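Here are my notes on this model, written as numbered points. Have the structure open beside you and find each residue as we go.

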Amino acid sequence: MVEVDLQAIQDELVAIAYEAGKMILAANPVDIAMGSKINAVDIVTEADQAVEKMVSTRLSSKFPEVSFMGEETYKPGMKLGPEPTFVVDPIDGTTNFVHSFPNACISLGLAVERRSTVGVIYNPWQDLLFTAIKGRGAFMQRGKSSTPQRLPLAKTPGPLNGLGEALVAIEWGAHRDGPNYDLKVDVFRKLAASKETGGSMVHSLRSLGSAALNIACVAAGEMDVYWEGGCWAWDVCAGWCILEEAGGIMASGNPGNFDPEMDSRVYLAVRGAPSGQKEIVEEFWKVMGDKALDYSS
């Protein structure tokens, strides 16, 4: 197995994130070419492709021994291997980007043995940076000149007292029909519905439009839970490391698995807490009943 300098990699990923941020902010969504993948809401732009090319060029020059997996260069059937691999989403939240909604980011992760080991997430509109190295903690920084804040932001995070007291992040995703969509809508309804009608009546549901930023917010303790089905390894790799280093856990978005694979495509992120993590995961799984999301095809 190739040995890698995790601090050197994080430093380079942060520098790349800032350069990518300049590229993203300089791009005018009205003027750039835009296409779609599976349908009209699965969007790709010239900016996505240009940023990924810059990222892959810099990383291959600096760390030629490390493999690369990026959203825009992914080929069907590619699998994340055990070797050190950069896992990159050049613009996570492309729909937000094309609508000039300032909540998108670049997500830069390093996986080793298929585990997230370094994570860097940067939202250039807010000049908001999240970073983590396995075993060394997670941090959030607002502006280059500010002092990084250790995550979670709360000095003494409170316990998780169940879904009834939770702020839950969700996303509609690109697939808007079929069994997975039907299950998502049913779960959203049950989460929001009153307890008198059999619902969980969570405090509220949030959709930031970016898987990476949803996970980062859970890591920060700004949201309690994030449930996702349909995204990919590059959407979650960087955030996964940040989440775990902030004391959070990543369970499967389907019932029964507390140790999901990074490319499993179904995830349940839970913030750090002195108690209640396992219990809120199991409570969420009960909302799903005997059903599960399936993105195997």
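1. Let's start with Asn254, which is buried, with a relative accessible area of 12%. The scale runs like this: buried means under 20% relative accessible area, exposed means over 50%, and partly exposed is in between, with a 1.4 Å probe and protein chains only. Asn254 sits in the loop between β13 (249–252) and β14 (266–270). Helices here are DSSP runs (H or I, at least four residues), strands are DSSP runs too (E, at least two), and both are numbered from the N terminus. Set aside its neighbours within four places in sequence, and Asn254 is in contact with Val266, Trp285, Met288, Ala292 and Leu293. Contact means heavy atoms within 4.5 Å.

2. A word on the source. This is a predicted model, in which local features need pLDDT of at least 70, side-chain atom pairs count only at pLDDT 80 or more, and totals for chains, interfaces and linings use all residues. Residues are numbered from 1 along each chain as its sequence is written, and side-chain values use heavy atoms, with hydrogens and water left out.

3. Now look at Gly253, in the loop between β13 and β14. Is Gly253 buried or exposed? Gly253 is buried, at a relative accessible area of 1%. Not counting residues up to four places away in sequence, Gly253 touches Trp227, Val266, Tyr267, Leu268, Trp285 and Met288. Gly229 is 24 residues from Gly253 in sequence, and their C-alpha atoms are 6.8 Å apart in space.

4. Next is Phe284, part of helix α7 (residues 277–288). Phe284 counts as buried because its relative accessibility is 1%. Which residues does Phe284 touch, not counting those up to four places away in sequence? They are Leu163, Val168, Val187, Leu191, Val225, Trp227 and Leu268. Take Leu191: Phe284 is 93 residues from Leu191 in sequence, yet the pair is 8.7 Å apart in space, C-alpha to C-alpha.

5. You'll find Asn96 in helix α3 (residues 94–98), and at 12% relative accessibility Asn96 counts as buried. Leaving aside neighbours within four places in sequence, its contacts are Phe101, Asn103, Leu208 and Gly209. For a sense of distance, Asn96 and Ile9 are 87 residues apart in sequence and 28 Å apart in space, again C-alpha to C-alpha.

6. Zoom out to the domains. The assignment gives domain 1 (6–150) and domain 2 (163–288); such bounds come from an automatic or database domain assignment. The C-alpha centres of domain 1 and domain 2 are 21 Å apart. Across the boundary, 43 residues of domain 1 are in contact with 28 residues of domain 2. The two domains bury about 2600 Å² between them, with 65% of it on carbon and sulfur atoms. On the domain 1 side, Ser116, Ile121 and Phe130 lose the most area to domain 2, together 19% of what that side buries. Buried area is the accessible area (1.4 Å probe) that two parts lose on being put together, summed over both.

7. Then there's the second largest pocket, with a volume of about 260 Å³. Of its 14 lining residues, Tyr74, Met78, Lys79, Trp232 and Arg265 are the closest to its centre. A pocket is an open set of points on a 1 Å grid over the protein atoms alone, where a 1.4 Å probe fits, with protein on both sides within 12 Å along at least five of seven lines; lining residues have an atom within 4 Å of a point. The volume is the space filled by probe spheres set on the points. Why does the second largest pocket lie between domain 1 and domain 2? Both domains give residues to its lining, so that is where it lies.

8. Finally, some backbone details. Leu151 and Pro152 are joined by a cis peptide bond, with omega about 0°, and Pro152 is in the loop between β9 (149–150) and β10 (167–169). Arg114 has a positive phi, near 65°, though it isn't a glycine. Arg114 lies in the loop between β5 (105–112) and β6 (115–123) and is partly exposed, at 38% relative accessible area. Met201 also has a positive phi without being a glycine, at about 50°. Its place is in the loop between α4 (178–192) and β11 (204–206), and Met201 is partly exposed, with a relative accessible area of 45%.
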